[in-house]
Each structure stands twice: as C-alpha cells, then as structure tokens.
Amino acid sequence: MTRPTPRALPALSRRRLVGGAGALLAGGLLAACAEEPGTPPAPSTGTESATPTPNTTEEQLTAFVTAVNDQLTEADEERDAELLAPRVVGSAATFREDLYELIGRAENEEDFEDNWNQEFSRPGPTLYTALTSTSAEFPRVAIALSTPEVAEGEDSTVFSFLALRQEDARSPYTTWGWAQQMDGVEIPEKLPNALTGSEPVGLEAEGLLMTPKDALALYAKVLSDGNGPDSEDQLAPNPYQDTVHDQIQAERASLNEDVEEDEAPTVKEVYEVVEDDLLGLRLEDGGAIVMSTFTSTRTLTIRADATLSYDEENPITDVLGTRELTDELVRTYGTTVALYIPAEGSDAQIQPIAATRIITGVEGS
Amino acid sequence: MQRLLALLLVLLGLIGLVLGRLGDTVWAPATETTATVQLSDPGPAVVIDPGVLYIGGTEGEVEITGASDVSVITAPNGDIDDYLEGTHYTRITGASDWTTLSTEEVEPEGEDELSNPTDSDLWRTVETSPSPVTIDVADFAAAEQGDNAQPARAILLVTDGTEAGAQSVSITWPVDDENEWVPFAYAGGAALAIIGLLLGLVSLTGVGRRGREDDAEEIEDEEELAEDGSPEAVEDGARGEEGTAPVDLDDAAAADAAGEDDTPDTVVLAPVEPDLAARADEQGLVDDREPAGAEEDALGAPRDEDDTDVLAPVTDEDPAPSAPTAGETTDVLPPTVADGQDQTDVLPSVQDEEPTAQDPEEQR
C-alpha cells in the first residue's frame, strides 16, 4: 500500500505568490516615503466686521474716567495745577488753575469748605456708558457718562458728561471739560450702541436741525440776553439758563433796593463760545450730542459817585479784601455745556442737557 | 516546500504587522511641531502679525524670551502700527517652514527706544511677566470671540522700551499625524499571514481532491516508467505535463527504500503475458528469468504485473541465454538509455504486441 505524496505548488505559482507579497509590502513603504510635509499656510487675518467698531472698549473708557477723577482729586487737594496733567488739559485745566489762584487769594480758611467746595466739581468716577468715535484716524473722541460715588445700595441718576479726546497714537485720552446733567432734564433715549460706536460731528456738521456752531452761538446769546434772540423758539427751556438769569435778577434786585433807578448799578453777564472746545457724536436717531465750553463775564457796573457795600463777608469780599466797591465788580466764569441737537426736519427743540460752571476770576475796585 | 512557503508568508505577515506597530509607536511622527526665530537687534518692539499664532491651528503654545520682563500687549492692529510709527521694530510675519518663523525688519533707521511702552491708552490688554512668557493659543483665540471682539489680533512684545522687545519667539502646535504606510503594513501583513496560514493548513492536511490527483498522476508516472524501463523516462513523462516542474522522485525513492533492490545493475523485467510466453516457448525461447511481480525496477518503484517487456525472438543459432546470476550483468538486456534519448530507439525491433485485455467477443 503506497502512501499518497502531497503535491507541491508548481514553481511558477510560488514565484507569483512571493512576488506579490513583496510588492504589497514595498508598495506600502513607497507610499509612505513619497509623502512630504507641506509648507505652512499664510496667516489668516480673519474676516473684517461688516459694521465699524469703536476704537475703545468700555474697559478702556472706565480706566480713563477713573484716571481723570483720580487726577482731579489729587490736584484739588493740593491745589496744584501741575498735578492735573496729563489727563486734564485745555479749558478744564485753565479753569482749575484760575480757581486755585483765586482761592489762594482768599484769607478766610475756616469757611473754605462752605465758600469754595461747590466750585470743585468733578465728573463721577463710575462709568455708566459712553459714546465713542469709530474712525481710526486721530484725533479720536468720546463722551463718557459717569455717575458720582454713592453709598452702597444707593443709585445715582445724575450723570456727568465727560469730554475725552486722544490727539495721536502716543497721547493719552484727555479731557477739556465735563458737564453735570441738569436737574429734571432727561438724557436722549437714542444713545448709540456701545458696540458699534458713533460718528463724530464737527462745528459745521450737516443733517441736524442746526449746525453745532449755530446751536452753541444761539445758546450763548440766550444766556446773555434772554429769550429775545430765539425768535423761532428753537431752544428748549433749561434749568441752567433759568439759574443764571435768576441769579442776575436777584443780584440786581439786591443792589437796587432802596436805590434810585438812575443810580442803580447794572449787572450783565456775557457768554462766549470757546470754539476750540467742541465734541460732537451722532446719535441713532440722526441727532447729535454736542459739548463745548463757554466763558462768561459778569460785570457789575457802579454808577459814578456811588459805592457798593456788602453787609457781610463773602467769598468775593474775601478774595477782594474789601466789602466796598466804587467802580465795578467783574467775575469771570467757565462753563462746560452739553446740548442735544435733533436731526434735520425734526419738530423737537435743541435741548441743553448738562452744564457745569466754575468761577475763574474776581476783580473789583 | 509548500510548508516552507507557508512559513515564509506567515513570517512576512508578522513582519508587516510588527512594522505597522512600530510605525504607530517608536517610528510614529512627532506629535507637535515648533517654529522658532532667534531675534538679533529687533528693536524695542516685536510684533507678531495677526493670524501667525493660528498657522498650525488654534491650539498650541507661544514662548517668548526677553532680557527682562516681557509685556504682551494687544490692541487694534492699526493702532499698533500708528504707535510704532518712526520706531525701529521687527514683525513676525509667518512661518517659512514648520520649524522657522519668518520676520521683517521695519524702519531700521528709526528710533531704538520707546518711552513707557506699556502705558498707552491704545492698548486693550497688557500682561507683564518675567521671561520666558508663554501664551496659550487656544485661550488667545477664545478671547477673540464675542461682541466687539477683534479677530486675528496682532501681539506687541516690549520690555522696558530700551532693550529688545524679545530675544526669541517660538510657537508650538500639536500635530495630529501618522505614518501613511502603517495601514498598508497592517493590511499587507495580515493578508500575508492569513494566506500563509491557509497554505500551511492545506499542506498539513493534503487529502481530498488534491491527494487523489496526486495518486492518479503517480499511476500515470508508473505506467510510463513501465513502457520505458528507465527512471529518466518516468521523469520525462512526469515533466511532460505542460511545462510543470519535475516531479520530485525523492519521496518515491524514500518510500520504497525498504524494498530497494541490492543489485543496481539489474533491470527486473515485467512478467510476460501468457500468449507471448507461449509464442516464446514455440520458438524455443526459455524465459526462466525472475518474473517482475513484486520486484522493483532500478528506480525502486515496484512493477505492476501487467507491465511486460517483449524480447526479441531467439533463434536456434543463438545460444540460449543463461539465467543471470547474482552480481553478473546479462548481455541480453538492452543497454541503459542515456538521458534525453527516446526510449523507442533503445529497445530492439520486435513486434510490439502489447498485452491486451481478452476480447470481450471471445469471452462469450
């Protein structure tokens, strides 16, 4: 009985099998060897926002407001105008410097707080909201609404309008003035979205009921001369105007009591616009908030051969060093104001919404 | 041989699998790539351009070294340019390859100092830390999401405004990479191993159709050998199967080693058929040689009883052949066929009457 022998693969089949196996492995290795790392792509700069964005963030503006408040506080405590830099500049710095000098002439230190404290107004240290320009060009501007410090648990609805300006890329944001919201006047509802920013407006900006230049001039005229210049009744009533006019009337009344008309002194305050101080930003309704500075001179003219006598000491007499005047009494003030100018074609009036005044000089003889 | 081949295939398959595993582990490509630049006299400020941090993705780490504390500042991209106007500084603009950051020198003749560079109102964030400073790319990218966020911010690097803004900057990104050939190695190795295992199984069992075919071929081979009487003829017959490899006769030789004839020079002839034998008797031919029967031929293969070798008739004049004795070589036998010779040329010219089966007609 023979045992069957296993039949081996033909030689050619073995060659094919081994050859195929080798090719399979070699192909895989070659496929790997052929792969080269690619070059890095160019950096992607992302997509630009479809809408313009503000130049500054709320965090940045908070820092600016805090810095201004801190710098003013330190300077006021020392009554040193050099401490106002770099944040307080322009009219605000000039007004503060004049006040420090004026106070320096006063002799009554005991009543200092009662006599002068109201002159040291400062914008609130807490940022509420802000309007900032969207243009990347310099100078850049912003109006920050801030609130004063209040006790814990209390709210303050009185806002300060702080004018901010950055002259160039290496300059800080500075302020040339601030104005406190007038009692009873609401701020405009259509404030720009803080995320989108605002368009700056200049003195001759169009699309408004009145150019900022003309609106400021009208307000200054009305403050000086009353409602007469506002024949078209374009300027809305405002507490600051009433206060100024009431003060003048009261002073006249006091001076003219028991005085013949031809011997009564005259009192007149003339306002002028400081056109270098202008900041305007467009609102969502097409109107604009405009801030500027007035200087005013209140002159009390004493008729010839008459003598003005103050019965009691007051800050003016303290600075003058006398209670009797025979010629005139001149007081100068600096006032920062904020106006809302409606859009062109609107039926609304120009509304002064904030004003802060500071005495800057007293002269008399 | 088949088993050897199977073993070889399995071995190759295992090698492929091992290679694949090595490709996944020891030979695996780096998991991160780092692009670096060493800055020599870059100026008091170095700016990393928008998007450079994200060349390799939104994950990774930036490392910055400086001579002193390093301030990392972000701001609107245009603001940084405006702030640095007139100043000598260096921009990192991208990566020339995955290991090198590319730079651009700006205003080489510009000012080499910045006054209080961290105090500008233009800066949105200022972070000052001792060198080296690290920036997490993912955190940086996350800060660019949300309202009023600026995408792809530039980064300003400064120290104190008098020294170099940075001495070196490197950005490392994670790399999710693998050797491309690993799947092929796994697949190829597995395939070879499976093929080898199957081949091995087939070679071990060796039964069924392939076994029966082997038996049939073996029978054919023996028949051919009986016709030719030479081992070469049997081998040629086997080789005659359409160019296939020659049959390995070693197995056959080893299988019959027990019955091998110890007289290699003796060719055992097949038994003569009865009719031929009778004819030979009539002619006075005496064939007293040993019948082939169970004896082997020179190749050791047993001869079948049906195999016959018809000898030439012997005449009266011819001396009667004597029975061969052990060790003697008979002169009557035909000479050994040389390799390659046709077997028909060797045998004497006799009537080649093949023993045939009895005619069925005659049997009735």
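I began with helix α2 (residues 58–78) of chain A, which lies across β1, β2 (140–147), β3 and β4 of chain A. I noted that α2 runs at about 120° to β1(A). The model is predicted, and I read the entries below with that in mind.

**Sheet in chain A.** I traced the strands that α2(A) lies across. They form an open sheet of four strands in chain A, in the order β1-β2-β3-β4, and the pairing is antiparallel. I looked up which strands stand at the edges: they are β1 (126–132) and β4 (173–180) of chain A. Each of these has a single partner strand, so one side of each lacks a neighbour in the sheet. For the twist from one strand to the next I have an average of 25°.

I then followed one pair in detail. Strand β3 (residues 160–166) of chain A is joined to β4(A) over six bridges, in the antiparallel sense.

**R298(A).** I moved to strand β7 (residues 288–301) of chain A, where R298(A) is found. Is R298(A) buried or exposed? Its relative accessible area is 3%, and with the cut-off for buried at under 20%, R298(A) counts as buried.

I checked what the side chain of R298(A) meets. It makes a polar contact of 3.4 Å with the side chain of E251(A). A polar contact of 2.9 Å links the side chain of R298(A) to that of E269(A). Leaving out residues up to four places away in sequence, I listed the residues that R298(A) touches; among them are V244(A), Q247(A), I248(A), V267(A), K268(A), L329(A), V330(A), Y333(A) and R357(A). Another arginine, R331(A), is also touched by R298(A).

**Chain B.** I turned to chain B and took its overall values. The secondary structure comes to ten helices and ten strands. Of the 364 residues in chain B, 35% are buried. I looked at contacts between residues at least 6 apart in sequence: in chain B, 81% of these join residues at least 24 apart. Chain B exposes about 20600 Å², of which carbon and sulfur atoms supply 51%.

I checked the length of helix α1 (residues 2–24) of chain B. At 1.5 Å a residue, its 23 residues should span 33 Å, and the end C-alpha atoms are 33 Å apart, so the two values agree. I also looked up which residues of α1(B) are buried: Q2(B), L5(B), A6(B), L9(B), V10(B), G13(B), G16(B), G20(B) and G23(B).

Key. Residues numbered from 1 in each chain as written. Chains lettered and ligands numbered in written order. Predicted model: local features only at pLDDT ≥ 70, side-chain atom pairs only at ≥ 80, totals over all residues. Heavy atoms only, no water. Pairing = 2+ DSSP bridges. Helix = DSSP H or I, 4+ residues; strand = E, 2+ residues; numbered from the N terminus. Axes fitted to C-alpha atoms, helices over the stretch in contact; angles between N-to-C directions. Contact = heavy atoms within 4.5 Å. Buried < 20%, exposed > 50% of the residue type's maximum accessible area, 1.4 Å probe, protein only. Polar contact = N/O pair within 3.5 Å; in protein donor to acceptor, adjacent residues only side chain to side chain. Expected span 1.5 Å × (residues − 1). Areas by Shrake-Rupley, 256 points an atom, 1.4 Å probe, with all protein chains shown as cover.
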